[in-house]
Amino acid sequence: MSDCSCSLLTVGEEVEREYEVKDYAGATPRWCPGCGDHGILTAAQRLLEAEQLRPELTVFVSGIGCSSRFPHYMKTYGFHGLHGRALPVATGIKLHRPELSVFVVMGDGDCTSIGAGHWIHATRYNVDMTVLMLDNEIYGLTKNQTSPTTPQGHPSNTQPRGSWLPALNPIEATLGVTNASFVAQTADWVPAHMYEVLRAAYRHRGFSFVRILQRCPQYSTPIFEPAVRNPDKMELLVHERGVDVPDLHGLYRNRRRHDPTDLDAARRLAQDTELFRIGIFYQDASHPRYNETRRVPPHAADERLAFLNREFERHAV
Ligand SMILES: Cc1ncc(C[n+]2csc(CCOP(=O)(O)OP(=O)(O)O)c2C)c(N)n1
Ligand code: SF4
């Protein structure tokens, strides 16, 4: 997929050099100038460098959309699949190759519209992966249609007089799913915060859902611009068990102490969307992970194949 020039190492082989950000950079991004996706890509590449993830043991899975071009721009393995279907593909990858670091990148249409069923069940399955939902609150690739997360009243090509319905709240919805284990929100225009949230998400064992508020200067400028220009429209959730970036304290005066182990408080905070609230809403690593509870030992696949072959032989005409 990407024009990888590094020689691939085999599993277990020693890594002789340190990876740098440039080692994770794939093709040149074709997103619009000013698109928030550029900064998110940089944050992801910085994370991989900080964690020294081996490119051949890392995979980015996406659906279809502007955001879903992400795997092309990473020099790792990648799967640019079908609209809304990134999560089942990523689940299959993690179940069969548990040693891989699996990242999923989805747009808001991808995740909360056509892929909504997968989103709910993947959250409940709690398979160990890091999920980035790039939420520009509009359909970008197909040029400006209303998405479930479009704010009520915001006009688009499909609802030119403004979105009829109140927006779906992805944080509130994810927190409502049984077995949710990591739910966070960050914003592309606060890169230091975004990086820390992504790092916490990656280090969490389980399904880490990160909604990234993402600017789309083509179609949804009025949605985030007020918060970009006025930091008082944002609130940082800070806690020693969550994320806290002291360098941001000077600019962001609205800060709230929130313990991410408190699910009830997380749900209350998620419901109130007066301010753009960023931080870790909820984290609990004790929830069961499907990739462990339903782990298939490697030899089982051969046994199943042999069984199927015997069955085919039995019924052959
Ligand atoms: C099954 C299917 N239905 C519809 C489409 C058309 N389509 C492609 S991308 C997209 C929505 C893109 O919006 P979003 O997921 O929010 O991502 P963005 O482009 O904003 O990053 C749609 C409807 C498709 N490719 N496949
Ligand atoms: S249309 Fe919007 S989301 Fe898509 S690349 Fe351009 S700015 Fe980014």
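A polar contact here is a pair of N or O atoms within 3.5 Å; within protein, one must be able to donate a hydrogen and the other to accept it, and residues adjacent in sequence count only if both atoms are side-chain atoms. With that in hand, welcome to the ligand site.

This is a predicted model, where local features need pLDDT of at least 70 and side-chain atom pairs count only at pLDDT 80 or more, while totals for chains, interfaces and linings use all residues. Residues are numbered from 1 along each chain as its sequence is written, chains are lettered from A and ligands numbered from 1 in the order in which they are written, and side-chain values use heavy atoms, with hydrogens and water left out.

| Residue | Backbone atom to ligand oxygen |
|---|---|
| Asp110 | 2.8 Å |
| Gly140 | 2.9 Å |
| Ile138 | 3.3 Å |

Taken alone, ligand 1 exposes 590 Å², and the protein buries 73% of that (areas from the Shrake-Rupley method with a 1.4 Å probe). Around the ligand sit 16 residues, of which Cys66, Ser67, Gly109, Asp110 and Gly140 come nearest (near meaning a heavy atom within 4 Å). Helix H3, residues 108–114, gives the most to this shell, with four residues (a helix being a DSSP run of H or I, at least four residues, numbered from the N terminus).

**Cysteines**

The structure holds zero disulfides (pairs of cysteine sulfur atoms within 2.5 Å). For Cys111, the nearest cysteine sulfur belongs to Cys66, 16 Å away. Cys111 is buried because its relative accessible area is 0%, under the 20% cut-off. Cys35 is also buried, at 12%.

Key. Helices (H or I, at least four residues) and strands (E, at least two) are DSSP runs, numbered from the N terminus. Buried means under 20% relative accessible area, exposed over 50%, partly exposed in between (1.4 Å probe, protein chains only).
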